[in-house]
2 protein chains.
Amino acid sequence: MTDYEQHFSRAGAHLQESAIRKMGAVGARIPDLVSFAAGSPAPDLFPWTALREITDRLLESREPGVLQYGGTRGYRPLIESLVEVMATRGVRASVDDTIVTTGSQQGIDLVGRILVDPGDVLLVELPAYAGAITAFRNIGARLVGVRQEADGVDIDHLDRVVQRERSERRRVAALYVTPNFQNPTGLLMSQPKRRLLLDWAARRDVLLIEDDPYGAIYFDEETGPSDTRPIKAGDEEGRVVYLSSFSKTLAPGLRVAWLVAPVAIAGKIETVKQAADLCTGVLDQRIVHEALTTGIVTSGLPELRRRYREKCDVMERALGQELGPLIAWPHPRGGFFLWATLPEGFDADRFLTRALAAKVSYVTGSAFFVDEFDPRLVRLSFSAPAVERIEEGVRRLASAIRDEMAVMSTSSL
Amino acid sequence: MTDYEQHFSRAGAHLQESAIRKMGAVGARIPDLVSFAAGSPAPDLFPWTALREITDRLLESREPGVLQYGGTRGYRPLIESLVEVMATRGVRASVDDTIVTTGSQQGIDLVGRILVDPGDVLLVELPAYAGAITAFRNIGARLVGVRQEADGVDIDHLDRVVQRERSERRRVAALYVTPNFQNPTGLLMSQPKRRLLLDWAARRDVLLIEDDPYGAIYFDEETGPSDTRPIKAGDEEGRVVYLSSFSKTLAPGLRVAWLVAPVAIAGKIETVKQAADLCTGVLDQRIVHEALTTGIVTSGLPELRRRYREKCDVMERALGQELGPLIAWPHPRGGFFLWATLPEGFDADRFLTRALAAKVSYVTGSAFFVDEFDPRLVRLSFSAPAVERIEEGVRRLASAIRDEMAVMSTSSL
C-alpha cells in the first residue's frame, strides 16, 4: 500500500486541527448536549421569511447571473452596497479595495497567504481567535503573542516583541487584532488605544489585520457605534486590512463576508482568490445583496442586540448564582462569548471529559494561545442556545465543577 | 505612504493571474461580444423551476441546519449521496474519503497545499487546465509538462520526465490529469491508457490528481460511461485523488464540488479546509443534495448531453464552412471546448486585439502551457452561447482571421 507520509508537503505534514471544529464533532455525538463551544448565531434569529421571499424572487427571475460563475471580487452591486456599509462604520472604502470572500475565514487565509512566508512572524493578541491562529500556522507563520490589557493590546509589550523579533532578523508580516468584542475574551479595544496602535504601526511599518465579525452586536445601553468604530476608519496611510462578515448578522450558512484593503493588497487578494475558489457562491451573494438593499440586515440589528444581550445576561446571572466566586470573567459589552476562569487548580483540557459526561461543552482556553497559558481558561458561547438551555447548561457545568472539586480535595488528602 | 512590495510574501509577490478570469473581465466591457472564452455552462439549461421549488421548501422548513455553520467535510446526507454517485461511476467511495469543496477549484488548491512545497515538481499534461496551473504555481510548484497523445498523456515521456526530475534531486509531488474531455483540448484518455498510467504511478510511486468536471457531458451516440470510467475506479492502492463538480451538471453559482481521496489524504484536506473557509456554503449543499435525491441532476443529463453536442456540432460546422482548411481542431467526444489551431504565422495573443475589435473572444493557448507552445493555439468554448450566437461568433472570428491574413500578406510583401 501507499505510504502517504512521504507524499505530504511540509505544510501538509504539520497542519493544525481546529480545536473549535473538533469540539463540534465531539459534541455532535452526545445527545441532549448543551453546547457552549460553537460560536454559532441563534438560528431562530435568522430572517427566514425574508430570505425565503428574496430567494424565491431571485430564482423566479431566471436571470443567468443568479446561478452562473461570478467575478472573483464579488457581485458588483453587492460590492457597492458594502462600500455603503463601510461608510456607516466611518470607513471610506471603494469598489477597488473591497472584495467579497467565502466567509471571513477565507479572508484571513488569503491575507495570510499574500503576506506571510513560512518562518515569518505573525503577531496575535493573547488570547486570539483560534481559527486565525490555525490559518496562519498552516501557512507556516511563526505566531508570536502580545499581551492584552482591558482596553486592548498592550502596545509597550507589542513594541518590545517587534524589536526583539526584528533584532533576531525575522520578518514581521502583520499584527492580527479583533478590536470589537474579541473572540474569545469579549474585550472591546478602546478608541484611544486604536489610535495609538495605528500610530505605532506607522512608526514601526507594520501592517494590521483587523477582524470585525461582532462589531454590530453591541449591547446598546452601554455601548454604541462610537465605541466600535474600526481602526480602519482612521487608516490614512493604507496600513489596515479590514475583515467583516454576514455570518453573525444574517446567517453563516450563506458564507458571505468581505474585506477592505489598500488597492495594491486587494489586487493580490483577488489573484490568490482566483485560484482558491474562483468566486464566492453567487446565489448567496445575490441573497445577501437583496437583504442589504431591502433593509433586512439593518432592521434586524436592534433585535439581534437585544436577544444576544439577554442571553449574555442569563449566562452571567446563572454563573453567578450557581458558582459565585468560583468562576470569574470580564463582563462583555457585546459579541457572543464569556471568557471564564475556572477554580484554582483546574485544568480545562482535563476537566472537559467530566463536562461532556455532564452534557455540557466549552472550548478550552489552550486553543486561543500560541505559547504558555493559564490552564483554567475556557470560552463559553452564549449565542446559540435558547435561554432555558443556557440556564440548564450552567447548572450542569456548576455541578461538574463541584464534582471535580470534590475529587480534587479527596485526591489531595 | 506605505510601500507594499516589501510587505508581500514570496508567494504573494509572484502570484499568477488567471488568464481566463482576465479574459472575462476584458469581455465584460465589450457590448454585444460573443464570448468563446469562458467555459461557463448554458444558463438556460439550469433547472430553474426545480431549484426554486427545492430552495423554497428548504427555507420554509426553518430547519436550523439550512442556514447555520456546517461540518467542514460537508453536509453528511450529501456526502452519502456522493458515495452513490461515485458508485455509478465505478468508484467504491465511502463517507470517510469524500469531502465537499467550494467548487473544484478549491479542491485543486487544497490538494496542492497538502502535497506541494515550494520547488516541488507538479506534473501536468500539455496543455492543461489553466486554473490548475495557476493554483499550483501560486503554491510555488515547479510545473513540468508532459506531452499528450490522442489517447491521453504520453507515458514514455512522463517516465523520462520523472526520472530526469528525480535525478536532479527534486521531489515529484503528483501528476495532474483531466482524462474526460480535457480542458482545453477536449481529449478523452483511453481506458487502456488509464490502466497503464495507474500501473506506471504504482511503479514510480507517484500520486495522481484526477480532475473530472466534464465526464457526464459525453456526446452519446459515440461515447458512454464505459469510456469515461475514472482512473479512480481502478485505484486499488489508494494513489488517486479524484475531483468532480456540480458546476457543469447543475449550476456553478452554487459552488458545490467534491473530492474522493485516500483516507489519510482526505483527513489532511479536511484540516486545511477548516482554515481555508470552515465549510462550503450550507444552503448550496442542501439544494444540491435535494437535487440529487429527487433525481433532478440525473434526469437532466440526457438533455445536457444533447444540447452541448448540438452546440459543438454547430461550432464545428460553422468553422468548417467559414474557414475550411485555415483552422483545425481535434473533434471532441464531449465537454465544452474546441482546441483550435489558427492559420500558419498567427500569434493568438497578438490576434486577440483584432478578434475583440470584431466582438468575439477566446482564450489564448499560452494560458494552458508551462513552457514553450505553438502560438497559433486557441480554446473556443461552445458551451454558453446560444446556437445563433455561436454562428455569429464564428462569422466574426472568420472575418477577423481573413483581415489578419490580408495584413500579414501585405506586410510580408
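This is a predicted model: local features need pLDDT of at least 70, side-chain atom pairs count only at pLDDT 80 or more; totals for chains, interfaces and linings use all residues.
Student: What area do chain B and chain A bury between them?

Tutor: In general, the size of an interface is often expressed as the accessible area that is lost when the parts come together. Here chain B and chain A bury about 7,500 Å² between them, and 55% of that area is on carbon and sulfur atoms.

Student: How many salt bridges are found across the interface of chain B and chain A?

Tutor: The general idea is that side chains of opposite charge can pair when their charged atoms come close. Across this interface the rule finds eight salt bridges, and one of the salt bridges in the model joins the side chains of A:Arg10 and B:Asp117, with N to O at 3.8 Å. The rule also finds 44 residue pairs in polar contact across the interface of chain B and chain A, both residues being at pLDDT 80 or more.

Student: At what angle do helix 10 of chain A and helix 5 of chain B pack?

Tutor: Helix 10 of chain A, residues 263–277, packs against helix 5 of chain B at an angle of about 100°, and their axes are 5 Å apart. On the chain A helix A:Gln274, A:Ala275, A:Ala276 and A:Asp277 take part, and they meet B:Gln105, B:Gln106 and B:Asp109 in helix 5 of chain B. By class, this contact has two nonpolar, three polar and two charged residues.

Student: How many salt bridges does a search of the whole structure find?

Tutor: The search finds 66 salt bridges over all chains. One salt bridge pairs B:Arg204 with B:Asp159, whose closest N and O atoms are 2.6 Å apart. B:Arg204 lies in helix 8 (residues 191–204) of chain B and B:Asp159 in helix 7 (residues 155–167) of chain B, so the pair ties together parts that are 45 residues apart in sequence.

Student: Where is B:Val263, and which residues is it in contact with, leaving aside its neighbours within four places in sequence?

Tutor: B:Val263 is in helix 10 of chain B, and, with those neighbours left aside, B:Val263 is in contact with B:Asp96 and B:Asp97.

Student: Which residues does a cis peptide bond join, with omega about -5°?

Tutor: That bond joins B:Leu126 and B:Pro127, and B:Pro127 is in the loop between strand 3 (121–126) and helix 6 of chain B. A cis peptide bond also joins B:Asn183 and B:Pro184, with omega about 20°; B:Pro184 is in the loop between strand 6 (172–177) and helix 8 of chain B.

Conventions: Residues are numbered from 1 along each chain as its sequence is written. Chains are lettered from A and ligands numbered from 1 in the order in which they are written. Side-chain values use heavy atoms; hydrogens and water are left out. Buried area is the accessible area (1.4 Å probe) that two parts lose on being put together, summed over both. A salt bridge is a side-chain nitrogen of Lys or Arg within 4 Å of a carboxyl oxygen of Asp or Glu. A polar contact is a pair of N or O atoms within 3.5 Å; within protein, one must be able to donate a hydrogen and the other to accept it, and residues adjacent in sequence count only if both atoms are side-chain atoms. Axes are lines fitted to C-alpha atoms, for helices over the stretch in contact, and angles run from 0 to 180 degrees between N-to-C directions. Helices (H or I, at least four residues) and strands (E, at least two) are DSSP runs, numbered from the N terminus. Contact means heavy atoms within 4.5 Å. Ala, Val, Leu, Ile, Met, Phe, Trp, Tyr, Cys and Pro count as nonpolar, Asp, Glu, Lys and Arg as charged, and the others, Gly among them, as polar.
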